[in-house]
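This briefing concerns the model shown below.

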Amino acid sequence: MAISIPLRRLSRSFSAIASNPLRVCVVGSGPAGFYTAEKVLKKHERAEVDIIDRLPTPFGLVRSGVAPDHPETKIVTNQFSRVVQNEHCSFFGNVSLGSSISLSELRDIYDVVVLAYGAESDRVLGIPGEELKGIYSAREFVWWYNGHPDCSKLDLDLKSTDTAVVLGLGNVALDVARVLLRPTMELTSTDIASHAVAALEESCIRKVYLVGRRGPVQAACTAKELREVLGIQDLYVHIDEADLVKTPADEEELKNNRIHRRVYELLSRAASSGVASGSGRRELHFVFFRKPDRFLESEDQGGHVAGVRFEKTIVREELESGKQIAVGTGQFEDIECGLVLKSIGYKSIPVDGLPFDHQKGMVPNVGGRVLSDASGDEMQFEKGLYVCGWLKRGPTGIIATNLYCAEETVASITEDVEKGLFTRTPSSQQKPGREGLLQLLDSRDIRFFPFGAWEKIDQEETRRGLLKNKSREKLTEWLELLNIASA
Ligand SMILES: Cc1cc2nc3c(=O)[nH]c(=O)nc-3n(C[C@H](O)[C@H](O)[C@H](O)COP(=O)(O)OP(=O)(O)OC[C@H]3O[C@@H](n4cnc5c(N)ncnc54)[C@H](O)[C@@H]3O)c2cc1C
Ligand SMILES: NC(=O)c1ccc[n+]([C@@H]2O[C@H](COP(=O)([O-])OP(=O)(O)OC[C@H]3O[C@@H](n4cnc5c(N)ncnc54)[C@H](OP(=O)(O)O)[C@@H]3O)[C@@H](O)[C@H]2O)c1
């Protein structure tokens, strides 16, 4: 789509550009992107920061990851919005690194490029049957209930089965189990997507198996989130007491980890607590020491999942890492189900020209500086290229973790500025920064949306929410988002 506003007027609608500033582009407007922008602006009076995002809506996983029944967690978006109100900061929505603009183009335009575009793919198990229908990644399911425009049309069937298996025992696994099991009326006033409310209201899922390849001592979730799922009204919780038996190595692990200790205590208490009963009750089964071996295909409904075969495991210390890992025992067990959610971790996607560690799914870096070559004796860095957030550390950590992560990356940038890495010599050309970005987008007829366009979406979602007694009625379709943004 073409932009009809003359380029000169457009650039004036953004903040005033100081003479000879440090020109910074942050890719991604999740927590890592916003914390980076905030810290750059604080440290460098002369910086001009442009934040680009592939969506017309900002805030990354705070909008499309954080569960709808955690509204207090989303309050951080107020702080992020204040960052863009700084006259030296601008937001460009609907601009995608890799398709709207390449990394090398961005690096030509800006002194500093900070990649904070998160992890928008999934780890895979690589076992037979993974392509069967009825198997989704937790990311897809979460995007679906949170109204991300890329997953609003997910062909999720919650009516043909009463059993779901969730693989993994991290906080995302608990989020998705909670959304499946919580009485839907407790979600209707949240900002959950309306298509998800409709599907959950008709859902036949009554039984959720949360399956971990290791034991309760190694569960990756945290206590607050575990307490919340265990506290669902009238929920029957099953934990095999035999799984709670600890080895000396487990005792040692618990001694050194307060979070795991609290999680273990909660699981132990849940295992020995009373059983909720009644017809149509909802059930949550924690299953430990089971590693997925293959997905089983339905005999009646070809191409659809009918269960998961697990190999029983024991946990043993790995010599090199000293970590307790799951080791298969050669014994197998099946769990029948019609829906599987793989919650085994997100994964970042590389773009052309970006050094990338495919094994770890992240960008090799030291303190946020992108490493171009880690093989020789001396480390080689990509000049002016930095990373932050899940792309830098891998897909773990809460929102606040990205604040410390941004501090580290911005400290590296500051050090490089002070070393004179971006000082212009009479012969070196000044980078065009925002003007250059505007020109390039204009030449490609790429329609971008400033923060004001998001504010229109925000207002419309809030207005529609009020009519439905919801905190927000999210716009979940690309076309609708773009229409409201350009109104
Ligand atoms: C399901 C889920 C629930 C969570 N719940 C909580 C919680 O309750 N509390 C908590 O503290 N933490 C929670 N977290 C963790 C928290 O969301 C992350 O730590 C944080 O969002 C990571 O920040 P980020 O900026 O690295 O990535 P993201 O938040 O993913 O942001 C990345 C941004 O980059 C954009 N982008 C992607 N590709 C491109 C591209 N090619 N070009 C331009 N832009 C691009 C995306 O649109 C997005 O806006 C949750 C995580 C998940 C997955
Ligand atoms: N409310 C909140 O604060 C909140 C909510 C959601 C997410 N988050 C945060 O977001 C981050 C991401 O969460 P996450 O749940 O996606 O990741 P996570 O915490 O890393 O958990 C991943 C889970 O997947 C399992 N797993 C990985 N590979 C596997 C495989 N091949 N086979 C079987 N199991 C496998 C892991 O088991 P092993 O331990 O054996 O590897 C672990 O149980 C976390 O830091 C989390 O705390 C926070």
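The model is predicted. An unreviewed UniProt entry places the feature "binding site" at Ala32, Leu61, Leu97, Trp390, Gly397, Ile398 and Ile399. These positions span 368 residues in sequence, and the farthest two C-alpha atoms are 24.3 Å apart, so they do not all gather at one spot.

**Leu61**
- Leu61, one of the positions in the UniProt "binding site" feature, lies in helix α3, which covers residues 61–64.
- Leu61 is buried because 24 other C-beta atoms lie within 10 Å, and the cut-off for a buried residue is 20 or more.
- Leaving aside residues up to four places away in sequence, Leu61 touches Gly30, Val66 and Gly118.

**Leu97**
- Leu97, also listed in the UniProt feature, sits in the loop between β3 (89–93) and α5 (103–109).
- Leu97 has 22 C-beta neighbours inside 10 Å and therefore counts as buried.
- Its contacts, not counting residues up to four places away in sequence, are Val27, Ile52, Leu103, Leu106, Tyr117 and Val351.

**Helices α15 and α16**
- The axes of α15 (residues 451–467) and α16 (residues 478–486) come within 8 Å and cross at roughly 110°.
- An angle of 65 to 115 degrees counts as roughly perpendicular, and α15 and α16 are therefore roughly perpendicular to each other.
- The crossing of α15 and α16 is right-handed.
- From α15, Ala453, Lys456, Ile457 and Glu460 meet Leu481, Ile484, Ala485 and Ser486 of α16.
- By class, this contact of α15 with α16 has five nonpolar, one polar and two charged residues.

Technical notes. Residues are numbered from 1 along each chain as its sequence is written. Chains are lettered from A and ligands numbered from 1 in the order in which they are written. This is a predicted model: local features need pLDDT of at least 70, side-chain atom pairs count only at pLDDT 80 or more; totals for chains, interfaces and linings use all residues. UniProt positions are given in the numbering used here, feature names are shortened, and annotations may be inferred rather than shown by experiment. Helices (H or I, at least four residues) and strands (E, at least two) are DSSP runs, numbered from the N terminus. A residue is buried if 20 or more other C-beta atoms lie within 10 Å of its own, exposed if 12 or fewer, and partly exposed in between; C-beta atoms are placed from the backbone. Two residues are in contact if their C-beta atoms, placed from the backbone, lie within 7 Å. Axes are lines fitted to C-alpha atoms, for helices over the stretch in contact, and angles run from 0 to 180 degrees between N-to-C directions. Angles under 35 degrees count as roughly parallel, over 145 as roughly antiparallel, 65 to 115 as roughly perpendicular and the rest as oblique. A crossing is left-handed if the near helix is turned anticlockwise from the far one by less than a right angle, and right-handed if clockwise. Ala, Val, Leu, Ile, Met, Phe, Trp, Tyr, Cys and Pro count as nonpolar, Asp, Glu, Lys and Arg as charged, and the others, Gly among them, as polar.
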